[in-house]
Amino acid sequence: MIGVVGGIGPYAGLDLFYKILNRTKAACDQEHLPISMLSVPHSIPDRTEFLLGNSKINPATTISKVICALYNQGSTVIGMPCNTAHAKPIFNEIIERIPKEVKLVHMINEVSKFIKNKYPSVYNVGILSTTGTFISLVYPNSLSQHGLNGIQVSEEIQENYISPAIYNKTHGIKAKSNPVTVQAKKDLHLGIEYLVSKGVEAIILGCTEIPLAIKDDQIKGVPLIDATGVLARALILKSSPEKLIEEIG
């Protein structure tokens, strides 16, 4: 059974669940894959706040408990729809705390592999993410291991546009997920424009809130890589590969 760590953020968990369903070959209810999701957002500290040093509580503690609960319900292939939770200080601690039988899919590495396989001519890859993912260099490091060059936005754009688009209490996606505000979309598009100006050949939507706002497959001919969709694809492949609809990225 596939397990989904919900609540990081809440709408991101639902989005992953939906994208698993959307990529599964099924002609009736009974042909869909079993999925279990546990969403306890009130118990999981913010991942970026921990990485910035503003919180001393490692989110790995609660996330690992959620994973263990999913495992006890029968989930053996599990995904975390939070890019920032894959930063080493969090992810490595989670691995130490969960049963060895659990196959915890590494979202970041799956995205790097996906780009390498689907876009073999691409080298320069842009990244939009939370500040926690930004400072921990999760994507640049993973992309480098796959022979790709990760390019992040400037610190100014990250601080003044991308982070507020996600976290601002008035217009950020975490505050207003459905529908996403015009301001959040505008700020994210500014980041995309910046990356395009730097000559990137693909852009990773590297925060699971961002695909809630940006629905395009490409902008100005540059493919947009939905990390949540890639995770959904990987969970199906590692659970029941024959059920994957290959045409959907």
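1. Two strands count as paired if DSSP finds at least two bridges between them. Helices (H or I, at least four residues) and strands (E, at least two) are DSSP runs, numbered from the N terminus. With that in hand, strand 3 (residues 77-79) and strand 4 run parallel and are joined by two bridges. Val77 has Lys103 of strand 4 as its bridge partner.

2. A word on the source: this is a predicted model, where local features need pLDDT of at least 70 and side-chain atom pairs count only at pLDDT 80 or more, while totals for chains, interfaces and linings use all residues. Residues are numbered from 1 along each chain as its sequence is written, and side-chain values use heavy atoms, with hydrogens and water left out.

3. Four strands form an open sheet in the order 2-1-3-4, with parallel pairing. Strand 2 (35-39) and strand 4 (103-104) are at the edges with a single partner strand each, so one side of each has no neighbour in the sheet.

4. Helix 11 (residues 227-239) lies across strand 1 (2-6), strand 3 and strand 4. Its direction is at about 175° to strand 3. Contact here means heavy atoms within 4.5 Å; axes are lines fitted to C-alpha atoms, for helices over the stretch in contact, and angles run from 0 to 180 degrees between N-to-C directions.

5. Buried means under 20% relative accessible area, exposed over 50%, and partly exposed in between (1.4 Å probe, protein chains only). Thr62 sits in helix 3 (residues 60-72) and counts as buried at 17% relative accessibility. Leaving aside neighbours within four places in sequence, Thr62 touches Ser43, Ile44 and Pro45. Thr170, in the loop between helix 8 (155-167) and helix 9 (182-197), counts as exposed at 57%.

6. If you are wondering about disulfides (pairs of cysteine sulfur atoms within 2.5 Å), a search of the whole structure finds zero. For Cys68, the closest cysteine sulfur is that of Cys82, 18 Å away and too far for a bond. Cys68 is partly exposed at 23%, and Cys28 is partly exposed at 33%.

7. Finally, the overall fold. The chain has eleven helices and nine strands, and buried residues make up 54% of its 249 residues.
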